[in-house]
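Take a slow look at the protein shown here.

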Amino acid sequence: MRKQVYQKRRARLRSLLIFCTAAAILLALLLRTDRLIRPELCAVCESETKQFAAGLMADSVSEVLQQEQFQYSDFAALTYDNSGNVTAVETKTNQINHLQTAIYQSVQHNLEQCRDASLTVSLGTASGVWLFAGHGPQVSVRLLPVGHASVKLISALESAGVNQTCHTIRAEITAEIRAAIPFSEVTAVATYDCLLSETVIVGNVPESYLEFGNSDTVPQNQDFRE
């Protein structure tokens, strides 16, 4: 009788030992897989977040341009001499500041609207193996804007050929978004650059590049900050 009880206890201990060993091996494999996949998962999340933010900023700029209908003459005025040569480019800072403010408000509004928005990334994509891309369980990524967006309007004069100068005004928008995944998070800084206005000036390069209402010569590349 005692022998049977002893054998039963021994069998139970053996089963428990096998179970614990299997659980420990499985846990070790899971931790090892997590260490291998998590860096790739964070990189994929950062890339997807930047892509999402760039699309959001592009939509914001499009909304402003559709509402305002700006033209090059709204941003700059060309000054000519008696011979018809362009002598200066005067940038209209009031209009430029108005456009910059409109873009900033639109971007900030859209960022606030996407607060707590979510994306999904497949573990197959995060594994880095192209055969598994787009397959496997989906990991939810929650987005959260960090701070405020930054909007720069950049005006530049560049050579466009013989006796031709290209004057461009473009917007450079930067936003910081935090992407949260289970037990981890990444912060992505997304930048979007778009051309707002462009014109080709035929003739010699203007001798001066002036702010509207200012008679001082400034560099050929000019930033208009917030």
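Begin with one term: a nonpolar core is a set of buried Ala, Val, Leu, Ile, Met, Phe, Trp, Tyr and Cys residues joined through side-chain atoms within 4.5 Å. Keep in mind that this is a predicted model. Its largest nonpolar core has 38 residues. Those with the most contacts inside this core are Leu99, Ile103, Leu111, Val141 and Leu196. Which elements give two or more residues to the core? They are helices H1 (2-68) and H2 (93-113), together with strands S3 (118-122), S4 (138-161), S5 (164-181) and S6 (184-202). H1 gives the most, with 10 residues.

Now zoom in on Val141. Leaving out residues up to four places away in sequence, Val141 touches Cys45, Ala117, Ser118, Leu119, Val121, Ala179, Ala180 and Ile181.

Step back to the overall plan. The protein has 3 helices and 8 strands. From the N terminus on, the order is α-β-β-α-β-α-β-β-β-β-β. Of the 226 residues, 33% are buried. Take the contacts between residues at least 6 apart in sequence: 66% of them join residues at least 24 apart.

Next, follow the strands. S1 (residues 76-80) and S2 (residues 86-91) pair in the antiparallel sense, over 5 bridges. Here Thr79 stands opposite Ala88 in S2. The two strands form a hairpin with 5 residues between them. In its turn, Gly84 has a positive phi of about 90 degrees. S3 and S4 are also antiparallel and pair over 5 bridges. Ser122 faces Gln138 in S4. S4 then runs antiparallel to S5, joined by 16 bridges. Leu143 stands opposite Ala179 in S5. The hairpin of S4 and S5 has 2 residues between the strands, and Asn163 takes a positive phi near 55 degrees there. In a regular strand, side chains alternate between the two faces of the sheet.

Leaving aside neighbours within four places in sequence, Asn110 is in contact with Leu56, Ser60 and Glu63.

Now look for charges. Side chains of opposite charge can pair when their charged atoms come close. How many salt bridges does a search of the whole structure find? The search finds 4. One joins the side chains of Lys50 and Glu46, at 3.6 Å from N to O. These two are 4 residues apart in helix H1, so about one helical turn separates them. Lys50 is partly exposed, at 34% relative accessibility. Glu46 is partly exposed too, at 28%.

Another salt bridge joins Asp193 and Arg170, at 2.3 Å from N to O. Asp193 lies in strand S6 and Arg170 in strand S5, so the pair ties together parts that are 23 residues apart in sequence. Asp193 is partly exposed, at 40%, and so is Arg170, at 27%. Glu185 and Arg178 also meet in a salt bridge, at 3.4 Å from N to O. Glu185 is partly exposed, with a relative accessible area of 48%. For Arg178, also partly exposed, the value is 26%.

Leu13, Leu16 and Phe19 make a nonpolar surface patch of about 350 Å². Of these, Leu16 sits in helix H1.

Terms used:
Residues are numbered from 1 along each chain as its sequence is written. This is a predicted model: local features need pLDDT of at least 70, side-chain atom pairs count only at pLDDT 80 or more; totals for chains, interfaces and linings use all residues. Side-chain values use heavy atoms; hydrogens and water are left out. Buried means under 20% relative accessible area, exposed over 50%, partly exposed in between (1.4 Å probe, protein chains only). Contact means heavy atoms within 4.5 Å. Patches are made of residues with over 30% relative accessible area and no salt bridge: like charges are joined within 9 Å, nonpolar side chains (Val, Leu, Ile, Met, Phe, Trp, Tyr) within 5 Å. Accessible areas come from the Shrake-Rupley method with a 1.4 Å probe; for residues, only the protein chains shown count as cover. Two strands pair if DSSP finds at least two bridges between them.
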